Amino acid sequence: MGQKINPLGFRLGTTQKHHSFWFAQPKNYSEGLQEDKKIRNCIKNYIQKNRKKGSNRKIESDSSSEVITHNRKMDSGSSSEVITHIEIQKEIDTIHVIIHIGFPNLLKKKGVIEELEKDLQKEINSVNQRLNISIEKVKEPYRQPNILAEYIAFQLKNRVSFRKAIKKAIELTKKADIRGVKVKIAGRLGGKEIARAECIKKGRLPLQTIRAKIDYCCYPIRTIYGVLGVKIWIFVDEE
């Protein structure tokens, strides 16, 4: 019987760190968790609502001269888009929110951060604490599994073959300095009646080695055939 565990939680304290930093008494701990969830959901919903319908983003592949136009118009199932993760640091009178994002085109516009802070203030009903939101662009976006999963989702919604979409996503990782990548997709692939799982792997992927830095994400994709599940493992480095 297989004993499955999340690769990120498996490496907490070694190569993986927490995304929330705060202290609370046991009786108030659940309230803090719910507050973190509200903050993350509010940020993702805000980006989804304010995304321009006609805006496009170009993704270039080093392996060929083909330029892929990435339409940013997404449905409600992919609200996180290109946010890799959100860090929350709580102090006595301040809540620091750090948004790590691959392509911060929307959040760089004037007045967006102030508007987002007002929405968060209303959502969490924090009177005694002020919010401080900062944006950090990811240095190597194609090393982030969330961005690759979003790219695969866009290709599948445009009726591209799932094998072709996965291979193109793996080609994008050539821009980043990684040692291995594995992409697994499951569901009614190609509209078949019977669901199945397909997996493509390139390079090394030592999942049982704790000192190996593994980035992982699980991403649902809503298509006309049903919901597909995408899992991506990226072997970054080994300490």
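Colleague: Where does R159 lie?
Modeller: R159 has its place in the loop between α4 (145–157) and α5. The labels follow DSSP runs, numbered from the N terminus: a helix is a run of H or I with at least four residues, and a strand is a run of E with at least two. This is a predicted model, in which local features need pLDDT of at least 70 and side-chain atom pairs count only at pLDDT 80 or more, while totals for chains, interfaces and linings use all residues. Residues are numbered from 1 along each chain as its sequence is written, and side-chain values use heavy atoms, with hydrogens and water left out.

Colleague: Why does R159 count as exposed?
Modeller: A residue is buried under 20% relative accessible area, exposed over 50%, and partly exposed in between (1.4 Å probe, protein chains only). R159 has 60% relative accessibility, so it counts as exposed. Its phi is positive, about 65°, although R159 is not a glycine.

Colleague: Are E87 and K17 buried or exposed?
Modeller: E87 has a relative accessible area of 7%, so it is buried. K17 has 52%, so it is exposed.

Colleague: How do you know that K90 and E35 form a salt bridge?
Modeller: Their side chains meet at 2.7 Å, N to O. This pair links distant parts of the chain, with K90 in strand β4 and E35 in helix α2, 55 residues apart. Both K90 and E35 are buried. Together with D36, they are linked in a network of salt bridges.

Colleague: What joins R163 and E198?
Modeller: Their side chains meet in a salt bridge of 3.6 Å, N to O. R163 has 39% relative accessibility and E198 has a relative accessible area of 23%, so each counts as partly exposed.

Colleague: How do you know that the length of α3 agrees with its number of residues?
Modeller: The expected span is 1.5 Å times one less than the number of residues. For the 13 residues of α3 (residues 112–124) this should be 18 Å, and the end C-alpha atoms are 18 Å apart, which agrees.

Colleague: Which residues of α3 are buried, and why are they said to line one face?
Modeller: V112, I113, L116, L120 and I124 are buried in α3. Seen down the axis, the buried residues fall within an arc of 90°, so they line one face of the helix. The arc is that of the directions from the helix axis to the C-beta atoms. The face turned away from this buried side carries the exposed residues K118 and K122.

Colleague: What do the buried residues of α3 pack against?
Modeller: They pack against α2 (29–49), β5 (94–101) and β6 (130–137). Contact here means heavy atoms within 4.5 Å.

Colleague: What makes the buried residues of α2 a single side?
Modeller: G32, E35, D36, I39, C42, I43, Y46 and I47 are buried in α2. They cover an arc of only 130° around the axis, which puts them on the same side of α2. On the other side, Q34, K37 and K49 are exposed. The buried residues of α2 pack against β1, β4, β5 and α3.

Colleague: How does the span of α2 fit the rule?
Modeller: Its 21 residues should span 30 Å, and its end C-alpha atoms are 31 Å apart, which agrees.

Colleague: Why is F10 called partly exposed?
Modeller: F10 has 31% relative accessibility, so it counts as partly exposed. F10 lies in helix α1 (residues 7–10).

How values were computed. Salt bridge = Lys/Arg side-chain N within 4 Å of Asp/Glu carboxyl O.
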